[in-house]
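Hello,

Here is the structure we spoke about. My notes on the charged side chains and the overall fold follow below it.

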Amino acid sequence: MEDKDITRLKKRDAMYRMMISQLFYDGYKDLAVGLAAVVKPHPACPPSDKLLRVVSIGLRHDDQANAEKEANFGNTVQPGSGIDLEFETEVQTISPEVALYETCYVTAHKGPCRAAAFHSTGQLIATGSQDASIKVLDVERMLSKSATPADIMAMETPQQQVENHPVIRTLYDHNGEVTCLDFHPFESILASGGLDYSIRFFEYSKPSVKKAFKSIQEASEPLSMSFHPSGEFLLVGTKHSTLRLYDVNTFQCFVSSNPKDQHKAAITSVKWSPNANMFASSSTDGSIKIWDGVSNKCVNTFLNAHDGKEVTSISFSRNSKYVLSGGRNSLVKLWELSTNRCLIVYTGAGATGAMEHSTVACFNHTEDYVLFPDEKTLSLCSWDSRNAERQKLLSLGHNNVVQYMVHSPTGPAFVSCSDDFRARFWYRKASTD
(Lines give C-alpha, C1' and ligand atoms only; values in the text may rest on other atoms or scores of the structure.)
Protein backbone atom coordinates (compact mmCIF):
# COMPACT_ATOMS: atom_id res chain seq x y z
CA MET A 1 0.00 0.00 0.00
CA GLU A 2 1.35 3.45 -0.92
CA ASP A 3 2.15 6.07 1.72
CA LYS A 4 -0.66 8.38 0.55
CA ASP A 5 -3.18 5.53 0.92
CA ILE A 6 -1.96 4.82 4.47
CA THR A 7 -2.23 8.53 5.30
CA ARG A 8 -5.76 8.65 3.91
CA LEU A 9 -6.79 5.64 6.05
CA LYS A 10 -5.31 7.23 9.18
CA LYS A 11 -7.24 10.45 8.53
CA ARG A 12 -10.46 8.51 7.98
CA ASP A 13 -9.99 6.52 11.23
CA ALA A 14 -9.31 9.74 13.14
CA MET A 15 -12.50 11.26 11.72
CA TYR A 16 -14.62 8.26 12.77
CA ARG A 17 -13.07 8.30 16.26
CA MET A 18 -14.02 11.97 16.66
CA MET A 19 -17.57 11.22 15.47
CA ILE A 20 -17.99 8.43 18.03
CA SER A 21 -16.51 10.57 20.83
CA GLN A 22 -18.78 13.50 19.92
CA LEU A 23 -21.89 11.25 19.96
CA PHE A 24 -20.94 9.97 23.44
CA TYR A 25 -20.28 13.56 24.57
CA ASP A 26 -23.70 14.73 23.31
CA GLY A 27 -25.53 11.84 24.99
CA TYR A 28 -26.31 9.77 21.88
CA LYS A 29 -24.97 6.58 23.41
CA ASP A 30 -26.89 4.13 21.19
CA LEU A 31 -25.75 5.84 18.00
CA ALA A 32 -22.17 5.96 19.26
CA VAL A 33 -22.20 2.25 20.17
CA GLY A 34 -23.73 1.37 16.81
CA LEU A 35 -21.09 3.30 14.86
CA ALA A 36 -18.32 1.85 17.04
CA ALA A 37 -19.58 -1.66 16.28
CA VAL A 38 -19.09 -0.97 12.57
CA VAL A 39 -15.81 0.98 12.74
CA LYS A 40 -14.24 -1.05 15.59
CA PRO A 41 -11.96 1.73 16.90
CA HIS A 42 -8.95 0.78 19.01
CA PRO A 43 -8.53 1.88 21.73
CA ALA A 44 -12.11 2.75 22.74
CA CYS A 45 -13.28 6.33 22.19
CA PRO A 46 -13.95 8.42 25.31
CA PRO A 47 -16.57 11.22 25.27
CA SER A 48 -15.09 14.37 23.70
CA ASP A 49 -16.24 17.54 21.90
CA LYS A 50 -13.13 17.66 19.71
CA LEU A 51 -15.19 17.24 16.54
CA LEU A 52 -17.31 20.27 17.46
CA ARG A 53 -14.16 22.35 17.99
CA VAL A 54 -12.65 21.20 14.69
CA VAL A 55 -15.87 22.03 12.82
CA SER A 56 -16.03 25.45 14.50
CA ILE A 57 -12.51 26.24 13.34
CA GLY A 58 -13.38 25.11 9.82
CA LEU A 59 -16.53 27.24 9.70
CA ARG A 60 -14.58 30.31 10.86
CA HIS A 61 -12.07 29.64 8.11
CA ASP A 62 -14.90 29.32 5.55
CA ASP A 63 -16.47 32.60 6.70
CA GLN A 64 -13.14 34.35 6.38
CA ALA A 65 -12.55 32.86 2.93
CA ASN A 66 -16.03 33.90 1.76
CA ALA A 67 -15.48 37.43 3.09
CA GLU A 68 -12.21 37.64 1.13
CA LYS A 69 -14.03 36.27 -1.94
CA GLU A 70 -16.68 38.96 -1.76
CA ALA A 71 -14.09 41.68 -1.13
CA ASN A 72 -12.13 40.57 -4.20
CA PHE A 73 -15.14 40.03 -6.44
CA GLY A 74 -14.28 43.09 -8.51
CA ASN A 75 -10.78 41.78 -9.15
CA THR A 76 -10.83 40.49 -12.72
CA VAL A 77 -7.44 38.80 -12.52
CA GLN A 78 -8.33 35.87 -10.27
CA PRO A 79 -12.08 35.51 -9.63
CA GLY A 80 -12.34 33.26 -6.57
CA SER A 81 -10.41 30.14 -5.73
CA GLY A 82 -12.25 27.80 -8.11
CA ILE A 83 -13.57 24.32 -7.48
CA ASP A 84 -11.79 22.07 -4.97
CA LEU A 85 -13.90 19.13 -3.82
CA GLU A 86 -11.14 17.77 -1.59
CA PHE A 87 -11.82 20.46 1.00
CA GLU A 88 -15.21 21.93 0.10
CA THR A 89 -18.56 20.72 1.32
CA GLU A 90 -20.98 23.62 1.15
CA VAL A 91 -19.79 26.66 -0.75
CA GLN A 92 -21.86 29.77 -1.27
CA THR A 93 -21.61 30.81 -4.91
CA ILE A 94 -20.72 34.44 -5.59
CA SER A 95 -21.16 34.43 -9.35
CA PRO A 96 -24.47 35.12 -11.11
CA GLU A 97 -26.51 32.32 -12.63
CA VAL A 98 -25.90 31.97 -16.34
CA ALA A 99 -29.65 32.30 -17.00
CA LEU A 100 -29.29 35.97 -15.99
CA TYR A 101 -26.80 36.80 -18.77
CA GLU A 102 -27.91 39.04 -21.65
CA THR A 103 -26.75 39.42 -25.25
CA CYS A 104 -24.68 42.59 -25.48
CA TYR A 105 -23.33 42.30 -29.00
CA VAL A 106 -23.74 40.13 -32.11
CA THR A 107 -21.12 39.85 -34.84
CA ALA A 108 -21.81 38.14 -38.15
CA HIS A 109 -19.53 36.12 -40.41
CA LYS A 110 -20.30 34.98 -43.97
CA GLY A 111 -20.36 31.34 -42.94
CA PRO A 112 -20.95 29.17 -39.85
CA CYS A 113 -19.01 30.39 -36.80
CA ARG A 114 -17.24 27.47 -35.13
CA ALA A 115 -14.23 28.76 -33.18
CA ALA A 116 -13.62 31.35 -30.47
CA ALA A 117 -11.11 32.25 -27.79
CA PHE A 118 -10.85 34.69 -24.88
CA HIS A 119 -7.60 36.43 -24.05
CA SER A 120 -6.33 35.56 -20.57
CA THR A 121 -7.16 39.12 -19.43
CA GLY A 122 -10.75 38.74 -20.58
CA GLN A 123 -10.48 41.95 -22.61
CA LEU A 124 -10.30 40.48 -26.12
CA ILE A 125 -12.22 37.81 -28.01
CA ALA A 126 -11.41 36.13 -31.32
CA THR A 127 -13.98 34.34 -33.46
CA GLY A 128 -13.35 32.13 -36.50
CA SER A 129 -15.64 31.03 -39.29
CA GLN A 130 -16.12 28.63 -42.16
CA ASP A 131 -15.70 31.70 -44.41
CA ALA A 132 -11.96 31.60 -43.49
CA SER A 133 -12.09 34.93 -41.62
CA ILE A 134 -11.09 35.77 -38.04
CA LYS A 135 -12.47 38.69 -36.06
CA VAL A 136 -10.85 40.21 -32.97
CA LEU A 137 -13.31 42.04 -30.70
CA ASP A 138 -12.77 44.42 -27.79
CA VAL A 139 -14.92 43.52 -24.75
CA GLU A 140 -15.06 47.05 -23.32
CA ARG A 141 -16.26 48.43 -26.67
CA MET A 142 -19.01 45.80 -26.86
CA LEU A 143 -20.20 46.66 -23.35
CA SER A 144 -20.03 50.38 -24.11
CA LYS A 145 -21.99 49.95 -27.33
CA SER A 146 -24.71 47.95 -25.59
CA ALA A 147 -25.08 50.70 -22.96
CA THR A 148 -25.17 53.63 -25.44
CA PRO A 149 -28.67 54.78 -26.51
CA ALA A 150 -29.46 54.49 -30.22
CA ASP A 151 -29.97 58.24 -30.63
CA ILE A 152 -26.50 58.94 -29.23
CA MET A 153 -24.89 56.38 -31.57
CA ALA A 154 -26.73 57.97 -34.53
CA MET A 155 -24.93 61.23 -33.81
CA GLU A 156 -21.44 59.69 -34.01
CA THR A 157 -19.16 60.87 -36.81
CA PRO A 158 -17.67 58.26 -39.19
CA GLN A 159 -14.36 58.62 -37.35
CA GLN A 160 -16.02 57.99 -33.99
CA GLN A 161 -17.82 54.97 -35.40
CA VAL A 162 -14.50 53.48 -36.46
CA GLU A 163 -12.87 54.26 -33.09
CA ASN A 164 -15.77 52.78 -31.12
CA HIS A 165 -16.46 49.74 -33.27
CA PRO A 166 -16.09 46.52 -31.23
CA VAL A 167 -14.41 44.61 -34.10
CA ILE A 168 -10.85 45.94 -33.95
CA ARG A 169 -9.32 43.50 -36.49
CA THR A 170 -10.54 41.26 -39.28
CA LEU A 171 -7.86 38.80 -40.37
CA TYR A 172 -7.77 36.92 -43.68
CA ASP A 173 -5.04 34.40 -44.41
CA HIS A 174 -6.64 30.96 -44.30
CA ASN A 175 -7.90 29.22 -47.42
CA GLY A 176 -10.49 27.17 -45.56
CA GLU A 177 -12.61 27.03 -42.41
CA VAL A 178 -10.98 28.37 -39.22
CA THR A 179 -11.31 25.51 -36.74
CA CYS A 180 -9.41 26.68 -33.64
CA LEU A 181 -7.96 29.79 -32.02
CA ASP A 182 -5.83 30.69 -29.00
CA PHE A 183 -4.23 33.88 -27.72
CA HIS A 184 -0.60 33.97 -26.62
CA PRO A 185 -0.66 34.59 -22.84
CA PHE A 186 1.68 37.63 -22.97
CA GLU A 187 2.48 38.72 -26.52
CA SER A 188 0.01 40.32 -28.96
CA ILE A 189 -0.12 37.10 -30.97
CA LEU A 190 -3.14 35.09 -32.04
CA ALA A 191 -2.68 31.52 -33.28
CA SER A 192 -5.23 29.89 -35.57
CA GLY A 193 -5.73 26.55 -37.25
CA GLY A 194 -7.77 25.78 -40.35
CA LEU A 195 -8.97 23.08 -42.70
CA ASP A 196 -6.34 24.33 -45.17
CA TYR A 197 -3.87 22.22 -43.14
CA SER A 198 -2.18 25.31 -41.70
CA ILE A 199 -1.42 26.93 -38.35
CA ARG A 200 -1.02 30.69 -38.59
CA PHE A 201 0.30 33.35 -36.22
CA PHE A 202 -1.05 36.92 -36.37
CA GLU A 203 0.37 40.01 -34.65
CA TYR A 204 -3.00 41.64 -34.01
CA SER A 205 -1.66 44.77 -32.25
CA LYS A 206 -0.82 46.34 -35.63
CA PRO A 207 -3.91 47.94 -37.27
CA SER A 208 -2.70 47.27 -40.80
CA VAL A 209 -2.14 43.54 -40.26
CA LYS A 210 -4.39 41.23 -42.26
CA LYS A 211 -1.96 38.38 -42.93
CA ALA A 212 -0.02 36.04 -40.65
CA PHE A 213 3.65 36.74 -39.94
CA LYS A 214 4.37 33.03 -39.60
CA SER A 215 2.62 29.82 -40.66
CA ILE A 216 3.16 26.09 -40.21
CA GLN A 217 2.00 23.65 -42.85
CA GLU A 218 0.49 20.62 -41.14
CA ALA A 219 0.11 17.08 -42.42
CA SER A 220 -3.50 17.01 -41.22
CA GLU A 221 -6.24 19.54 -40.45
CA PRO A 222 -5.81 21.22 -37.01
CA LEU A 223 -8.89 20.93 -34.77
CA SER A 224 -7.68 22.31 -31.43
CA MET A 225 -4.74 24.22 -29.97
CA SER A 226 -3.51 25.47 -26.61
CA PHE A 227 -0.60 27.73 -25.66
CA HIS A 228 1.68 26.68 -22.80
CA PRO A 229 1.14 29.06 -19.81
CA SER A 230 4.62 30.47 -20.49
CA GLY A 231 3.80 31.03 -24.17
CA GLU A 232 6.86 29.03 -25.20
CA PHE A 233 5.01 26.03 -26.68
CA LEU A 234 1.84 25.38 -28.65
CA LEU A 235 -0.07 22.13 -28.32
CA VAL A 236 -1.97 21.09 -31.47
CA GLY A 237 -4.53 18.35 -32.04
CA THR A 238 -5.45 17.46 -35.61
CA LYS A 239 -7.57 14.96 -37.54
CA HIS A 240 -4.53 12.69 -37.27
CA SER A 241 -4.21 10.64 -34.09
CA THR A 242 -0.71 11.91 -33.19
CA LEU A 243 -0.53 14.85 -30.78
CA ARG A 244 1.86 17.66 -31.78
CA LEU A 245 3.85 20.02 -29.57
CA TYR A 246 5.54 23.01 -31.26
CA ASP A 247 8.30 25.23 -29.93
CA VAL A 248 6.94 28.73 -30.59
CA ASN A 249 10.42 30.20 -31.08
CA THR A 250 11.91 27.60 -33.42
CA PHE A 251 8.65 25.97 -34.64
CA GLN A 252 10.26 22.58 -34.11
CA CYS A 253 7.66 19.82 -33.67
CA PHE A 254 7.81 17.24 -30.85
CA VAL A 255 5.77 14.04 -30.41
CA SER A 256 5.87 11.30 -27.78
CA SER A 257 8.68 8.78 -28.30
CA ASN A 258 6.23 5.96 -27.58
CA PRO A 259 3.78 5.39 -30.46
CA LYS A 260 1.44 3.51 -28.10
CA ASP A 261 0.85 6.77 -26.20
CA GLN A 262 -1.16 8.20 -29.08
CA HIS A 263 -4.89 8.23 -29.69
CA LYS A 264 -6.44 5.91 -32.25
CA ALA A 265 -8.46 8.59 -34.08
CA ALA A 266 -8.79 12.35 -34.60
CA ILE A 267 -7.95 14.61 -31.62
CA THR A 268 -10.91 16.85 -30.80
CA SER A 269 -9.52 18.97 -27.96
CA VAL A 270 -6.18 19.76 -26.28
CA LYS A 271 -5.48 21.85 -23.20
CA TRP A 272 -2.51 22.74 -20.99
CA SER A 273 -3.05 22.65 -17.24
CA PRO A 274 -2.70 26.07 -15.55
CA ASN A 275 0.31 24.84 -13.52
CA ALA A 276 1.95 23.63 -16.79
CA ASN A 277 2.82 20.24 -15.23
CA MET A 278 0.62 18.36 -17.67
CA PHE A 279 -1.74 18.60 -20.60
CA ALA A 280 -4.82 16.69 -21.70
CA SER A 281 -6.27 15.54 -25.00
CA SER A 282 -9.57 14.03 -26.12
CA SER A 283 -10.49 12.13 -29.25
CA THR A 284 -13.20 10.72 -31.45
CA ASP A 285 -11.90 7.32 -30.25
CA GLY A 286 -13.80 8.01 -27.01
CA SER A 287 -10.77 8.42 -24.75
CA ILE A 288 -9.17 11.16 -22.66
CA LYS A 289 -5.40 11.16 -22.20
CA ILE A 290 -3.31 12.93 -19.56
CA TRP A 291 0.27 13.76 -20.56
CA ASP A 292 3.37 14.73 -18.58
CA GLY A 293 4.25 18.32 -19.42
CA VAL A 294 8.01 17.73 -19.29
CA SER A 295 8.58 14.29 -20.82
CA ASN A 296 5.70 14.62 -23.32
CA LYS A 297 4.62 11.07 -22.42
CA CYS A 298 1.10 9.81 -21.73
CA VAL A 299 0.68 9.08 -18.01
CA ASN A 300 -2.98 8.08 -17.92
CA THR A 301 -5.84 7.18 -20.26
CA PHE A 302 -9.58 7.20 -19.55
CA LEU A 303 -10.96 4.70 -22.06
CA ASN A 304 -14.63 4.94 -23.08
CA ALA A 305 -14.83 8.14 -21.08
CA HIS A 306 -18.27 8.95 -22.53
CA ASP A 307 -19.69 5.46 -23.06
CA GLY A 308 -17.62 4.98 -26.21
CA LYS A 309 -18.96 8.15 -27.84
CA GLU A 310 -16.71 10.94 -29.11
CA VAL A 311 -15.23 13.17 -26.39
CA THR A 312 -15.82 16.64 -27.79
CA SER A 313 -14.01 18.91 -25.29
CA ILE A 314 -11.76 19.00 -22.26
CA SER A 315 -10.64 21.74 -19.88
CA PHE A 316 -8.73 21.91 -16.60
CA SER A 317 -9.92 23.44 -13.36
CA ARG A 318 -7.88 26.43 -12.21
CA ASN A 319 -6.05 24.36 -9.56
CA SER A 320 -5.17 21.66 -12.15
CA LYS A 321 -6.78 18.96 -9.97
CA TYR A 322 -9.72 18.21 -12.26
CA VAL A 323 -10.55 17.81 -15.94
CA LEU A 324 -14.00 18.68 -17.29
CA SER A 325 -15.09 16.78 -20.39
CA GLY A 326 -18.06 16.95 -22.74
CA GLY A 327 -19.19 14.11 -24.98
CA ARG A 328 -21.48 13.20 -27.85
CA ASN A 329 -23.59 11.21 -25.36
CA SER A 330 -25.02 14.53 -24.03
CA LEU A 331 -23.12 14.16 -20.74
CA VAL A 332 -20.54 16.34 -19.02
CA LYS A 333 -18.11 14.71 -16.57
CA LEU A 334 -15.67 15.94 -13.91
CA TRP A 335 -12.56 13.78 -13.53
CA GLU A 336 -10.31 13.81 -10.44
CA LEU A 337 -6.71 13.34 -11.53
CA SER A 338 -5.30 12.29 -8.13
CA THR A 339 -7.60 9.25 -7.98
CA ASN A 340 -8.06 8.72 -11.76
CA ARG A 341 -11.85 8.55 -11.54
CA CYS A 342 -14.99 10.32 -12.63
CA LEU A 343 -16.29 12.29 -9.63
CA ILE A 344 -19.44 13.92 -11.01
CA VAL A 345 -21.69 13.38 -14.02
CA TYR A 346 -23.81 16.35 -15.11
CA THR A 347 -26.96 14.98 -16.74
CA GLY A 348 -30.10 16.27 -18.39
CA ALA A 349 -28.69 18.24 -21.32
CA GLY A 350 -31.03 17.66 -24.25
CA ALA A 351 -32.11 14.24 -25.42
CA THR A 352 -30.36 11.15 -24.17
CA GLY A 353 -28.10 9.21 -26.50
CA ALA A 354 -25.82 10.40 -29.25
CA MET A 355 -25.73 14.05 -30.28
CA GLU A 356 -25.71 14.96 -33.94
CA HIS A 357 -23.11 17.74 -33.55
CA SER A 358 -20.05 18.32 -31.42
CA THR A 359 -20.03 21.09 -28.85
CA VAL A 360 -18.06 22.31 -25.84
CA ALA A 361 -18.45 22.02 -22.06
CA CYS A 362 -16.79 24.65 -19.86
CA PHE A 363 -16.70 26.24 -16.41
CA ASN A 364 -17.81 29.79 -15.74
CA HIS A 365 -15.14 32.22 -14.50
CA THR A 366 -15.45 31.21 -10.82
CA GLU A 367 -15.96 27.50 -11.55
CA ASP A 368 -19.24 27.63 -9.63
CA TYR A 369 -21.14 26.47 -12.72
CA VAL A 370 -20.66 24.04 -15.60
CA LEU A 371 -22.05 25.07 -19.01
CA PHE A 372 -23.07 22.94 -22.01
CA PRO A 373 -25.20 23.93 -25.05
CA ASP A 374 -28.23 21.80 -25.90
CA GLU A 375 -28.54 21.24 -29.64
CA LYS A 376 -32.22 20.24 -29.45
CA THR A 377 -33.57 23.41 -27.81
CA LEU A 378 -30.76 25.80 -28.84
CA SER A 379 -30.44 26.77 -25.17
CA LEU A 380 -27.62 26.68 -22.65
CA CYS A 381 -27.71 24.11 -19.85
CA SER A 382 -25.90 24.84 -16.60
CA TRP A 383 -25.29 22.97 -13.37
CA ASP A 384 -23.87 23.73 -9.94
CA SER A 385 -20.35 22.39 -10.45
CA ARG A 386 -20.15 20.88 -6.94
CA ASN A 387 -23.45 19.04 -6.61
CA ALA A 388 -24.62 18.77 -10.27
CA GLU A 389 -27.90 20.53 -9.52
CA ARG A 390 -29.54 21.71 -12.74
CA GLN A 391 -29.97 25.47 -13.11
CA LYS A 392 -32.38 27.45 -15.27
CA LEU A 393 -31.94 27.20 -19.05
CA LEU A 394 -30.78 30.21 -21.04
CA SER A 395 -32.21 30.58 -24.54
CA LEU A 396 -29.23 31.39 -26.75
CA GLY A 397 -31.21 33.20 -29.44
CA HIS A 398 -29.47 31.47 -32.33
CA ASN A 399 -31.28 30.08 -35.38
CA ASN A 400 -29.02 27.07 -35.71
CA VAL A 401 -26.92 24.72 -33.61
CA VAL A 402 -24.19 26.11 -31.32
CA GLN A 403 -21.03 24.08 -31.95
CA TYR A 404 -18.66 26.19 -29.89
CA MET A 405 -18.71 28.44 -26.84
CA VAL A 406 -16.13 29.83 -24.47
CA HIS A 407 -16.54 31.59 -21.13
CA SER A 408 -14.44 34.55 -20.00
CA PRO A 409 -11.67 33.59 -17.54
CA THR A 410 -12.16 36.81 -15.56
CA GLY A 411 -15.81 37.89 -15.53
CA PRO A 412 -19.47 36.97 -16.13
CA ALA A 413 -19.30 36.78 -19.92
CA PHE A 414 -19.21 34.17 -22.67
CA VAL A 415 -19.36 33.87 -26.46
CA SER A 416 -21.64 31.44 -28.30
CA CYS A 417 -20.76 30.51 -31.90
CA SER A 418 -23.46 29.14 -34.19
CA ASP A 419 -24.01 27.71 -37.62
CA ASP A 420 -26.39 30.67 -38.17
CA PHE A 421 -23.18 32.61 -39.08
CA ARG A 422 -23.27 34.61 -35.83
CA ALA A 423 -21.27 34.90 -32.64
CA ARG A 424 -23.12 36.34 -29.64
CA PHE A 425 -21.39 38.04 -26.73
CA TRP A 426 -23.24 37.45 -23.46
CA TYR A 427 -22.71 39.38 -20.24
CA ARG A 428 -24.32 39.63 -16.81
CA LYS A 429 -24.82 43.33 -16.21
CA ALA A 430 -24.51 44.60 -12.64
CA SER A 431 -27.82 44.77 -10.79
CA THR A 432 -29.18 48.22 -10.09
CA ASP A 433 -31.58 47.07 -7.40
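Arginine 386 and aspartate 368 are both buried. The model is a predicted one, and in it these two side chains form a salt bridge, with 2.8 Å between the closest N and O atoms. Arginine 386 sits in the loop between β24 (379-384) and β25 (394-395), and aspartate 368 in the loop between β22 (362-363) and β23 (369-374), 18 residues apart.

Glutamate 218 and arginine 244 also meet in a salt bridge, at 3.1 Å from N to O. Glutamate 218 is in the loop between β9 (214-217) and β10 (222-227) and arginine 244 in strand β12 (residues 244-247), so the pair ties together parts 26 residues apart in sequence. Glutamate 218 counts as buried at 8% relative accessibility, and arginine 244 is buried at 9%.

A further salt bridge joins aspartate 84 to lysine 321, with the closest N and O atoms 3.0 Å apart. This pair links parts of the chain 237 residues apart. Aspartate 84 counts as buried, at 16% relative accessibility, whereas lysine 321 counts as partly exposed, at 27%.

Asp173, Asp196, Arg200 and Lys211 are linked in a network of salt bridges. The count for the protein comes to 13 salt bridges. There are 44 positive and 49 negative side chains, and the centres of the two sets lie 3 Å apart.

As for the fold, the protein has six helices and 28 strands.

Regards

Methods
Residues are numbered from 1 along each chain as its sequence is written. This is a predicted model: local features need pLDDT of at least 70, side-chain atom pairs count only at pLDDT 80 or more; totals for chains, interfaces and linings use all residues. Side-chain values use heavy atoms; hydrogens and water are left out. Helices (H or I, at least four residues) and strands (E, at least two) are DSSP runs, numbered from the N terminus. Lys and Arg count as positive and Asp and Glu as negative; His and the chain ends are not counted. The place of a charge is taken as NZ of Lys, CZ of Arg, CG of Asp or CD of Glu. A salt bridge is a side-chain nitrogen of Lys or Arg within 4 Å of a carboxyl oxygen of Asp or Glu. Buried means under 20% relative accessible area, exposed over 50%, partly exposed in between (1.4 Å probe, protein chains only).
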